[in-house]
Number of protein chains: 2
Amino acid sequence: MTMSTQKHNGIISPEVLLQQLRWRYAVKKFDVTRKIPADIWHALEKTLVLSPSSFGLQPWKFIVVQDPALRERLLPVSWKQSQIVDASHLVAFAHKKDMNAHDVERYVKHTAKVREIPAESLEGYKQLMLGFVGRAGKGFDINDWAARQLYIALGNFLTASAVLGIDTCPIEGIDPKQYDEILGLDKQGYHVVFVAAAGYRSKEDASAAHPKVRYAHEDVVEYR
Amino acid sequence: MTMSTQKHNGIISPEVLLQQLRWRYAVKKFDVTRKIPADIWHALEKTLVLSPSSFGLQPWKFIVVQDPALRERLLPVSWKQSQIVDASHLVAFAHKKDMNAHDVERYVKHTAKVREIPAESLEGYKQLMLGFVGRAGKGFDINDWAARQLYIALGNFLTASAVLGIDTCPIEGIDPKQYDEILGLDKQGYHVVFVAAAGYRSKEDASAAHPKVRYAHEDVVEYR
């Protein structure tokens with residue numbers, strides 16, 4: 001086993017990374033008195049913005065629900081899970097519905113601007129993406145594809161939170177249509193798939209002490 | 001703005017996290033001469049094992065393709081993308097097909113064993129999960145659900161790699177059926193959805209210098 005005894009490029013050691021991933025769990029009960037400091041929350045928003053996506057198309061919006069009254073309204077359409085109202089922060093992950101050629105055009109224009117190159121130089125990539133979105137409806141569910149990208153952002157968000165010492169709970173058990181309506185996303189052409197609560201675990205959350213349940217390494221990782 | 005000037009629980013600062021996420025990009029050309037040290041790779045495998053999933057059901061396997069001959073065989077069914085053969089490591093993300101009551105039983109048994117509690121005490125949770133998998137086929141595509149969970153593992157893997165200073169490239173452009181056959185997963189009841197290559201960027205990868213293309217924060221993050 002080649003040990004990386006030399007200083008490597010990474011910022012944290014493998015041991016510390018794993019310690020944080022083991023520390024992470026789906027919080028059942030948040031400490032209602034603790035708020036995530038603004039600079040840390042801002043970094044977590046940036047983490048969402050920086051999430052990778054297929055083609056880089058970013059078919060999403062992240063809705064930070066700050067208004068306590070609005071969070072109370074979301075509670076009954078979230079199986080009354082207390083994290084919705086108790087957590088310091090709540091983010092709804094929404095994808096754009098029916099991504100199409102217009103979205104590709106927008107992305108190509110934006111890429112040309114950011115990279116300070118002519119849009120024409122991206123023609124090959126553009127055609128590739130147009131071909132991709134053009135398959136929508138022909139045995140290809142582009143809304144499902146967009147939803148999958150949201151899960152990349154979720155994995156990124158949960159891990160980033162863990163290495164910053166922030167607790168989280170991803171929640172799929174919501175009524176997405178009610179969310180769309182309450183958050184006014186239906187009119188914008190977006191659709192919520194799940195939410196994530198973030199903050200600090202309560203000392204009263206007994207589940208924090210439960211050993212993490214994972215299948216054995218050899219049952220999940222195989223070699224070829 | 002409340003600044004977290006006090007030492008927080010996290011392991012890295014928000015600034016360093018964002019620096020690593022900005023450093024990350026989808027590598028087009030890997031350095032074929034550099035291998036990820038064994039201890040770091042082992043941590044990345046553990047990262048995959050520790051990935052969160054809906055209900056904790058872990059409907060997945062992660063296939064590390066080590067055999068160079070096998071990676072050569074995967075090249076033509078991966079649009080000949082060089083990362084398949086050039087990267088230090090290659091992982092195929094596969095989900096179990098048609099998750100059902102049997103998988104719930106297995107998970108409940110495993111949970112009871114790990115937590116050293118009677119399986120009976122998990123009856124409520126078990127019924128909830130049985131109800132969930134029982135909806136399969138009735139307007140609910142459980143294979144799509146399982147595929148989505150793989151994207152959580154991907155987001156986790158990409159971010160974990162970034163904070164360890166390891167380069168990656170997620171690749172959706174593959175022929176999944178060919179992968180299933182070549183890796184012998186079809187017989188095991190698993191299905192590959194995408195792969196991720198990991199290693200070190202080549203100095204010749206011009207795309208490493210391209211500015212990252214993301215929509216503006218205010219276009220992607222909204223408040224309610």
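1. **A strand pair in chain B.** P170(B) stands opposite A196(B), which belongs to β4(B). Strands β3(B) and β4(B), the latter covering residues 190–199, pair in the antiparallel sense over five bridges. Two strands count as paired if DSSP finds at least two bridges between them. Helices (H or I, at least four residues) and strands (E, at least two) are DSSP runs, numbered from the N terminus. Strand β3(B) spans residues 167–171; four of its five residues are buried, so the strand is largely enclosed by the rest of the structure. Buried means 20 or more other C-beta atoms within 10 Å of the residue's own, exposed means 12 or fewer, and partly exposed lies in between, with C-beta atoms placed from the backbone.

2. **Basis of the model.** This is a predicted model: local features need pLDDT of at least 70, side-chain atom pairs count only at pLDDT 80 or more, and totals for chains, interfaces and linings use all residues. Residues are numbered from 1 along each chain as its sequence is written, while chains are lettered from A and ligands numbered from 1 in the order in which they are written.

3. **Contact between the chains.** In all, 74 residues of chain A are in contact with 74 residues of chain B. Contact requires C-beta atoms, placed from the backbone, to lie within 7 Å. On the side of chain A that touches chain B, α7(A) gives the largest share, 13 residues. By class, that side has 42 nonpolar, 19 polar and 13 charged residues. Here Ala, Val, Leu, Ile, Met, Phe, Trp, Tyr, Cys and Pro count as nonpolar, Asp, Glu, Lys and Arg as charged, and the others, Gly among them, as polar.

4. β5(A) and β1(B) (residues 60–64) run parallel, joined by three bridges. V221(A) stands opposite F62(B) in β1(B).

5. **Helix α2(B).** This helix covers residues 38–49 of chain B. Its twelve residues reach 16 Å from first C-alpha to last, close to the 16 Å expected at 1.5 Å a residue. The expected span is 1.5 Å times one less than the number of residues. Buried residues of α2(B) include W41(B), L44(B) and L48(B).

6. **Two positive phi values.** D98(B) is not a glycine, yet its phi is positive, about 50 degrees. D98(B) sits in the loop between β2 (89–96) and α5 (101–115) of chain B. It is partly exposed, with 16 other C-beta atoms within 10 Å. E116(B), also not a glycine, has a positive phi near 55 degrees. E116(B) lies in the loop between α5 and α6 (123–134) of chain B. With 7 C-beta neighbours inside 10 Å, E116(B) counts as exposed.

Technical notes: Contact = placed C-beta atoms within 7 Å.
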